[in-house]
Amino acid sequence: MSKEPCFSSPADTSDIIHPRVLPFIGMHLACLAIFWVDVQPIDWIICGALYVIRMFGITAGFHRYFSHRSFKTSRGFQFFLAFLGQSSAQRGVLWWAAIHRHHHKYSDTEQDVHSPVQHGFWYSHVLWIFSKQGRTADYNSIKDFRKYPELVWLDKWERLPPFVLGFLVWVLFGWSGLVVGFFLSTVFLFHGTFTINSLSHVIGNQPYDTGDSSRNNLFLAIITLGEGWHNNHHHFPSATPQGFHWWQIDVTYYILKVLSVFRVVWDLRLPPVHVIQGISKLSVSAIEKAAQQLASSFSVEHIGETVLRAWKHTPQLAELRNRIRIGQSAVEDFLKEMKILELPSIENLRQRARKMFIHIPSLNPIVERANQIIVQAVSVWLLQNEKSAAVGV
């Protein structure tokens, strides 16, 4: 099992792992065979059925069960959900859940591997999967399911379920069934799922203060069986339903509710009333994520270089070098004492925060924390660069 990943710089598309791209591209190219096979009406029925069934494997299995443990089930049905989810060709169940738990921990910060806010739309939608940072998962975060040897085995043989499914479709329905029923539905499934990483952090409304850009979107909820209520989900991730209100369509929850009647699943976790009403204040983690996002919108390198240019041949630079000899905390104190114009003021931070987080009424804790992060980051930059300059001399 892999250790804690070391994530590279955001949206570094130069780290694309080409061998990983080839099967994904091949799946898309295989759909072009639709022009050479004799497509039958049954093939489109298979396409739609496999899309919905496997989407349920992703939403109920990979997401709500393995990533968030929002309900309980038997070991046998647990394996079925894992196999069904992996038949969508979206990597192994443990990898998927570990990556998703990391996403919630660092949502829309620089360490979030598929944040459109940080990395842009196409990187968050699909390119991250083939990058070094997207390939590596922290399996220590999924110890609760890593203890099951059958799940470890299935995760290792990640391509087995889609291969078995594709083979069965070919045997039963021929080449047209394989192309339309399997290949085409798999590609639809890819991009339907990927919209939650990309579009659901860009388009929609934000009824809850989550400290990130997660949004609710009815269209995405329809094509993903309920995952489009993404702001709801980030507000209370452990809830089984993601549609908190009767009018918020959540097909995955409806199916799980029916299965609970037959005790296939049980202990479905519902969001408390005060959570639905949004009474609770921003959590410490939400404030930290929002502050990191706000701070990252300013260039630390630009601020540091501007400070050094402005202080060149001045007593301030000499004093800065004296503080550097003492350490980072002394540099931070000096920056605060000087109240230099190069650092964004509290008012500047607040103005930018109003534009970035229009859904959050109280910005003070986010602005204050962002100010601390920027001062710390600039002090580290000055410390490293001035020491390097001294060594060079």
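The legends below describe close-up views of a predicted model. In this predicted model, local features need pLDDT of at least 70 and side-chain atom pairs count only at pLDDT 80 or more, while totals for chains, interfaces and linings use all residues. Residues are numbered from 1 along each chain as its sequence is written, and side-chain values use heavy atoms, with hydrogens and water left out.

**View 1. A nonpolar patch on the surface.** Ile-42, Ile-45, Phe-163, Phe-167, Leu-168, Trp-170, Val-171, Leu-172, Phe-173 and Trp-175 make up the patch, with about 1100 Å² of accessible area together. Accessible areas come from the Shrake-Rupley method with a 1.4 Å probe, and for residues only the protein chains shown count as cover. Patches consist of residues with over 30% relative accessible area and no salt bridge; like charges are joined within 9 Å, and nonpolar side chains (Val, Leu, Ile, Met, Phe, Trp, Tyr) within 5 Å. Helices H2 (41-67) and H10 (160-197) each supply at least two of the patch residues, and the largest share, 8 residues, comes from H10. Helices are DSSP runs (H or I, at least four residues) numbered from the N terminus. Leu-168, in H10, is partly exposed at 45% relative accessibility. Buried means under 20% relative accessible area, exposed over 50%, and partly exposed in between (1.4 Å probe, protein chains only).

**View 2. Packing of H2 and H10.** The two helices pack at an angle of about 55°, with their axes 8 Å apart. Axes are lines fitted to C-alpha atoms over the stretch in contact, and angles run from 0 to 180 degrees between N-to-C directions. H2 and H10 are therefore oblique to each other; angles under 35 degrees count as roughly parallel, over 145 as roughly antiparallel, 65 to 115 as roughly perpendicular and the rest as oblique.

**View 3. The salt bridge of Arg-64 and Asp-250.** Their side chains meet at 3.0 Å, N to O. Arg-64 lies in H2 and Asp-250 in the loop between H12 (230-235) and H13 (251-261), so the pair ties together parts 186 residues apart in sequence. A salt bridge is a side-chain nitrogen of Lys or Arg within 4 Å of a carboxyl oxygen of Asp or Glu; the count by this rule is 10. Arg-64 is buried, with a relative accessible area of 1%, and Asp-250 is buried with a value of 1%.

**View 4. The salt bridge of Arg-75 and Glu-150.** The N to O distance is 2.6 Å. Arg-75 belongs to H3 (75-86) and Glu-150 to H9 (149-156), so the pair ties together parts 75 residues apart in sequence. Arg-75 is partly exposed at 45%, whereas Glu-150 is buried at 19%.
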